[in-house]
Amino acid sequence: PGTEPVTRTGVDFETPGLSLGIAYHTPIVTSPVILMLNEFDNAIRHAERKDDKTSACATTCIANTPATILNTLDYIASTRYLILIATANMKQSDLVTGIYKRYTRAGRFDNHYQVNSCGTPSARRAPPCGKKYKTRKS
């Protein structure tokens with residue numbers, strides 16, 4: 001039998017009531033799950049806010065507090081046959097420093113890549129297109 005991965009796109013930690021059990025089926029060796037987490041940097045900024053969180057996400061989303069995101073990332077990291085790919089609108093080098101470091105450390109995210117839009121004005125300031133960053137070893 002072959003391997004048939006299941007991909008779930010559009011996963012957003014700021015979605016009220018999001019349950020990872022609902023977001024995907026139980027991953028197994030013949031049917032691993034790939035979760036595509038959108039706008040991860042926004043979820044972190046939301047969790048790190050100190051002001052009053054009055055949005056719908058205030059009490060019912062994973063991005064409610066740093067602890068809920070960190071616990072979720074640890075759960076994902078400990079789940080066999082589950083791959084998490086997170087996107088952000090930041091440079092890779094910024095996502096591994098400051099407030100972001102504890103969210104993106106080895107064990108939570110083992111590989112980091114920066115993808116540039118070749119030929120766009122913003123890509124001119126970024127590393128050359130196709131450059132692969134060194135990955136961290138667990």
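1. A salt bridge here is a side-chain nitrogen of Lys or Arg within 4 Å of a carboxyl oxygen of Asp or Glu. By this rule, the count comes to four salt bridges. Side chains of opposite charge can pair when their charged atoms come close.

2. A word on what you are looking at. This is a predicted model, in which local features need pLDDT of at least 70 and side-chain atom pairs count only at pLDDT 80 or more, while totals for chains, interfaces and linings use all residues. Residues are numbered from 1 along each chain as its sequence is written, and side-chain values use heavy atoms, with hydrogens and water left out.

3. Let's start inside one helix. Helices (H or I, at least four residues) and strands (E, at least two) are DSSP runs, numbered from the N terminus. Helix α2 covers residues 40–48 and holds both Asp-41 and Arg-45, which sit four residues apart, about one turn of the helix. Their side chains meet in a salt bridge of 3.4 Å, N to O. Asp-41 counts as buried because its relative accessibility is 1%, whereas Arg-45, at 36%, counts as partly exposed.

4. Next, look at the end of α2. Glu-48 forms a salt bridge with Arg-102, at 2.5 Å from N to O. This pair links distant parts of the chain: Arg-102 lies in helix α6 (residues 101–104) and Glu-48 in helix α2, 54 residues apart. Glu-48 is buried at 15% relative accessibility, and Arg-102 is partly exposed at 40%.

5. Which residue pairs with Asp-74? The partner is Arg-105, with the closest N and O atoms 3.9 Å apart. Here too the pair links distant parts of the chain, as Asp-74 is in helix α4 (residues 66–78) and Arg-105 is in the loop between α6 and α7 (121–125), 31 residues apart. Asp-74 is partly exposed at 30% relative accessibility, and Arg-105 is partly exposed at 35%. Asp-74, Arg-105 and Arg-108 are linked in a network of salt bridges.

6. Now for how two helices pack. Two packed helices are described by the angle between their axes and the distance between the axes. The axes of α2 and α4 come within 8 Å and cross at roughly 135°. Axes are lines fitted to C-alpha atoms, for helices over the stretch in contact, and angles run from 0 to 180 degrees between N-to-C directions. That makes α2 oblique to α4, since angles under 35 degrees count as roughly parallel, over 145 as roughly antiparallel, 65 to 115 as roughly perpendicular and the rest as oblique.

7. Which residues make this contact (heavy atoms within 4.5 Å) between α2 and α4? From α2 come Phe-40, Ala-43, Ile-44, Ala-47 and Glu-48, and from α4 come Pro-66, Ile-69 and Leu-73.

8. How enclosed is α2? Seven of its nine residues are buried, so α2 is largely enclosed by the rest of the structure. Among the buried residues of α2 are His-46, Ala-47 and Glu-48.

9. Finally, visit Leu-20, which has its place in helix α1 (residues 20–23). Leu-20 counts as buried because its relative accessibility is 10%. Not counting residues up to four places away in sequence, Leu-20 touches Leu-35, Ile-62, Thr-72, Tyr-75 and Ile-76. The C-alpha atoms of Leu-20 and Tyr-75 are separated by 9.9 Å, and these residues are 55 apart along the chain.

How values were computed: Buried means under 20% relative accessible area, exposed over 50%, partly exposed in between (1.4 Å probe, protein chains only). Contact means heavy atoms within 4.5 Å.
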